[in-house]
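Here is a short report for someone meeting this structure for the first time. Please look over the sequence and the model before reading on.

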Amino acid sequence: MSDTIAALSTPLAPGGIGVIRISGDDAIAVADKVIKTTSGKPLTSLKGYTAAHGKAYDGEELLDECVALVFRAPKSYTGEDTVEISCHGGVLVTSKVLRAALNAGARAAEGGEFTKRAFLNGKMDLSEAEAVMSLISAKGEGGMKAALTALDGALSKKIDAYCNILISAAANMAAWVDYPDDEIPDLDFDVLRISLNEVYEGLDGLLCKFDAGKALTDGIETAIVGKPNVGKSALMNMLSGFRRSIVTDIAGTTRDVIEETVRVGRVILNLADTAGIRESEDAVESIGVELAKKKIEKAGLILAVFDVSRGLDESDDEILELCKGREVIGVINKTDLPRKADIEKIKAGIKEVIFTSALKGDGEKELSDAIERALGTDKIDTSQAMLTTERQRRSAEKALSSIKEAIDAVDMGMTMDAVNVCIDSAIECLLELTGKKAREAVVDEVFSQFCVGK
Ligand code: GDP
């Protein structure tokens, strides 16, 4: 038995159509109280996958003309009886139709409750549910493709395959431990090692690509740094495609950290246009510089900008120093002007260097290629399985460390029980990843991030 929930599944904003979704055991009966069909047939008499034209009422009050789409369990998104009422997409109209559904006996759905029900009814596993969320919030093409791949079950299939390898290894060992006198062939340690290594390498590969994958899906925190007037704001404007930061000739005018999300090639950059890195007497600017230094600390990628038309000075040296050991791209700007800066010195400090004229819009493609190379996103194939959420990464990492312990235990000649414990714990982690055996708290955490109506 499931209670019946309802929510607006389209945004609460004026639009062509608004969809109110009702799901649960009484969904069709509830919708039937709201809709009078034009044919006169009650919704309760309709088969699944049927649309009916009609009018929506709240009691006696006529609300709108609409179309009701009836889904019968289990053939619906949630796996339950579901009705989707498409009405005119006004803020007031949709709210009133939703209110009518609630008055007719439905309960207001919580965030992600429809997808949670789909998960609980076995329509999708946890990583696929997370893919639904990623798809909704995808900011770039790469993120969208990765989410679609996950929704198609690519990650689940891969993780299930690893789980099966571990389960059969564990089963072999259990038989061998439990029935040593029976005619069970000796445990082949080489085969066991090969199995464990296969899973280890597979998970390791997924984990290695995680950060790069995140740059495609959620974006990477990026700091644009450089002394005043090198063209940081101009570069940011070039990347964002419109004038966002204030570009002036007066040194130190970019005082606040301005946040912006831009798409460069397939990568999403969460940009912070930082104040010039320079010790300053000016109190306001000092705050900006402090913020900039903090931004650099948090940044996953630094774009260090230099002005090719001026000689390098201590501020540039300071920037080069701050960039040491970090993921950084040197952006040598103002190439439309005569070159005075010592480019070799920059190249000695920063491996990846490109040339731009932010003023003329030159060098954008070079920058985008350099970013893909620096982040490793050029090696990501979004049609292959990827870990896309922090939760998945944690589970995969725990599984990996248990497998490492299992391999070490085999190598050190420890008892089979000890090996088995490690394998069991890896299996647990993988089952948690796909949600086949996830704790309620984990499931709640996943769905708490969803919006209402999904
Ligand atoms: P910031 O202080 O580093 O943010 O520098 P701005 O972006 O405010 O640029 C400072 C000045 O340099 C402005 O007058 C820009 O128009 C100019 N500028 C920026 N990029 C270029 C460029 O590629 N070529 C030339 N010639 N001028 C540039």
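The model is predicted, so local features need pLDDT of at least 70 and side-chain atom pairs count only at pLDDT 80 or more, while totals for chains, interfaces and linings use all residues. Residues are numbered from 1 along each chain as its sequence is written, and side-chain values use heavy atoms, with hydrogens and water left out.

**Strand β1**

Helices (H or I, at least four residues) and strands (E, at least two) are DSSP runs, numbered from the N terminus. Strand β1 spans residues 5–8 and is covered on both faces. Ile5 and Ala7 are buried on one side, Ala6 and Leu8 on the other. Buried means under 20% relative accessible area, exposed over 50%, and partly exposed in between (1.4 Å probe, protein chains only). In a regular strand the side chains alternate between the two faces of the sheet.

Two strands pair if DSSP finds at least two bridges between them. β1 runs antiparallel to β2 (residues 15–23), with four bridges. A hairpin of six residues connects β1 to β2. β1 also runs parallel to β7 (residues 107–108), with two bridges. Isoleucine 5 has a bridge partner in each: serine 23 in β2 and arginine 107 in β7.

**Helix α16**

Helix α16 covers residues 440–448, and its buried residues are Val442, Val443, Val446 and Phe447. They lie on the same side of α16, because they cover an arc of only 125° around the axis. The arc is that of the directions from the helix axis to the C-beta atoms. Glu440, Ala441 and Ser448 are exposed on the face turned away from the buried side. The cover over the buried residues includes α3, α4, α14 and α15; contact means heavy atoms within 4.5 Å.

**Salt bridges**

The structure holds 27 salt bridges. Each is a side-chain nitrogen of Lys or Arg within 4 Å of a carboxyl oxygen of Asp or Glu.

| Pair | N to O |
|---|---|
| Glutamate 61, lysine 96 | 3.1 Å |
| Glutamate 113, arginine 117 | 3.8 Å |
| Lysine 227, aspartate 313 | 3.1 Å |

Lysine 227 and aspartate 313 both lie in loops, so the pair ties together parts that are 86 residues apart in sequence. Lysine 227 is buried at 4%; aspartate 313 is partly exposed at 31%.

Glutamate 113 and arginine 117 sit four residues apart in α3, about one turn of the helix. Both are buried. They also belong to a salt-bridge network with Asp3, Glu80 and Arg107.
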